[in-house]
Amino acid sequence: MAPLVTFDRATLGYGRRVVLTDISFEMPEGDFLGLVGPNGSGKTTIVRAILGTLQPLAGTVTRDPTLRFGYVPQRDQVDYSFPLKVLDVVMMGRYDRIGLGRRPTAEDRALAREALEHVGIAHLADHRLADLSGGQKQRTLIARALVGEPNVLVLDEPTNGMDLVATTQILGLVRELHDRDGLTVLMVSHALNEVVNYVDRIALVVEGGFRIGTTDEIMTEETLTQMYGIPVEVDSFDGHRIVVARRRHTTEAADRV
Amino acid sequence: MFSTVLLFREALYGALVIAVACSVLGVYVVLRRIVFVGAAVAQISSAGIALALWLAGTGLALGPLLRPTVMSLVLTLAAVVIFAGGARGRIPPDATIGVTYAVAAAVGILLIAKAASGEAHDIFLQGNILGITRGDTLVLIGVAVPVLVLHVLFYKELLFVSFDRETARTLGYDVRRWDLLLYLTLGVVIASAMQFAGVMLVFNFLVLPAVTGLLLSQHMRGMFFWSVASAVTAAVVGFSLSVPFDLPSGPAISAVSGVLVLLAWLGRRLAARA
């Protein structure tokens with residue numbers, strides 16, 4: 001089966017500013033990929049190239065013609081001062097299917113309610129988006145992405161600013177969507193420990209470096225120490241993996257800051 | 001009082017057209033936080049009127065450009081195209097808008113000061129609601145109706161790119177083009193309303209009714225409804241009070257708009273406590 005997205009020696013950046021060079025990887029159908037790296041490392045640049053809103057400066061990024069993304073932006077990218085009901089926000093995911101100048105039909109509304117049902121907040125359909133909790137807002141944005149019937153779900157920092165309970169619930173929901181519906185998922189996060197136990201593969205982006213592989217391949221002390229430039233330990237607890245930085249002398253650590 | 005108001009009914013009709021058009025567009029101006037773009041565009045529009053009046057006095061043969069409305073429209077549209085493109089340089093967008101506002105205001109005043117019979121033309125910058133004729137109202141309707149039809153037709157597209165431009169982009173929306181459409185309609189309405197309503201009243205209609213709408217409503221439809229309703233109420237009440245009491249119409253309408261914002265705010269506070 002042909003991959004949905006193929007990066008072939010792609011150089012990515014904006015104008016003359018190069019962010020990442022020589023990126024090559026494939027995203028097959030049914031993949032659950034975590035794109036992980038610190039803020040400013042180039043994760044968003046890769047996502048934009050995948051979505052097709054950024055063209056590579058060199059090399060190629062090829063997308064399957066049938067590809068349709070369901071994009072879940074960072075929660076703070078959305079303006080909550082708009083007086084919008086949850087159902088109206090979810091409906092936006094179908095706007096391009098409805099077509100220019102046309103109004104949503106009863107079927108569109110039914111599909112939007114179905115998407116809300118899918119993410120477990122059908123009872124909030126007529127609530128104002130601004131009145132919801134962080135986790136509920138995130139579920140609304142996921143429902144909006146699903147209602148467009150995508151074959152790839154792209155989530156940008158879906159657990160940013162959430163507490164432990166909401167984070168676990170959202171990551172569990174995304175994993176469930178992948179397992180139950182066979183949805184291909186790309187999840188972007190700066191927190192390796194959060195995503196590592198949910199995804200199948202990890203693409204690590206750190207200071208211009210890029211490494212991709214299965215979680216087993218990436219989650220080794222050797223790889224992570226090399227990528228982050230500091231000694232790290234990979235521990236396992238009750239089947240869950242966790243990465244911790246080894247303690248160092250204060251002066252040595254300060255040299256890197 | 002009613003009979004006195006009836007004498008100026010053509011002016012009231014014109015004010016109502018401006019109120020409706022500006023209060024619909026004002027919903028986007030307030031929600032997109034581009035209130036100061038509205039102020040700067042209004043100021044540029046008035047500077048265009050001043051430029052046309054000054055050029056007319058110099059004896060230059062520039063044809064239709066010497067008509068204040070045409071010059072105002074040309075400068076306004078040029079400005080909105082620039083604003084719609086967004087800032088790309090080192091100067092923050094807010095600062096660019098501030099510079100534009102200050103320079104346009106100063107240029108307008110300086111040009112009027114040196115225009116032939118400038119003092120008489122000062123009324124153009126302050127607005128002259130009472131001077132609106134039936135012909136003027138028809139022109140205003142001719143501008144407002146197509147703009148409002150466009151906004152009804154492309155409501156969901158304009159809403160989507162205003163609310164979440166990044167997601168809209170991933171679904172194939174050319175966000176810049178939709179921004180341009182919004183800004184162009186804004187520019188056309190401001191430029192056509194400016195010579196009758198003046199900077200203060202146009203700015204008032206762009207901002208205050210939409211704020212009232214935001215305070216009173218729980219959804220977009222309600223916000224549009226209350227924005228238009230409060231703009232129409234302010235126009236009718238402010239105009240009706242200004243004529244018998246010999247008050248300037250623009251400030252009277254703006255004052256009523258301010259009272260409506262205050263009432264909406266108090267109503268919301270009371271509802272929250274209940």
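Where is the place of A:Glu157 in chain A?

Analyst: First, how to read the model. It is predicted, so local features need pLDDT of at least 70 and side-chain atom pairs count only at pLDDT 80 or more, while totals for chains, interfaces and linings use all residues. Residues are numbered from 1 along each chain as its sequence is written, chains are lettered from A, and ligands are numbered from 1, both in the order in which they are written.

A:Glu157 sits in the loop between E6 and H6 of chain A. Those labels are DSSP runs, numbered from the N terminus: helices (H or I) have at least four residues, strands (E) at least two.

Look at the backbone there. A:Glu157 is not a glycine, yet its phi is positive, near 45°. Most residues other than glycine have a negative phi. A:Glu157 counts as buried because it has 22 C-beta neighbours inside 10 Å. The cut-offs: buried takes 20 or more other C-beta atoms within 10 Å of the residue's own, exposed 12 or fewer, and partly exposed lies in between, with C-beta atoms placed from the backbone.

Now compare A:Glu207. Its phi is also positive, about 45°, and it is not a glycine either. It lies in the loop between strand E8 (201-206) and strand E9 (209-214) of chain A. A:Glu207 counts as exposed because it has 12 C-beta neighbours inside 10 Å.

Nine residues of domain 1 and seven residues of domain 2 form their contact. Contact means that two residues have C-beta atoms, placed from the backbone, within 7 Å.

Which elements matter on the domain 1 side? Strand E6 (152-156) and helix H6 (164-181) of chain A each give two or more residues to it. The largest share, four residues, comes from H6(A). By class, this side of domain 1 has seven nonpolar, two polar and no charged residues. Here Ala, Val, Leu, Ile, Met, Phe, Trp, Tyr, Cys and Pro count as nonpolar, Asp, Glu, Lys and Arg as charged, and the others, Gly among them, as polar.

To put it together: A:Glu157 is in the loop between E6 and H6, and both elements give residues to the side of domain 1 that touches domain 2.
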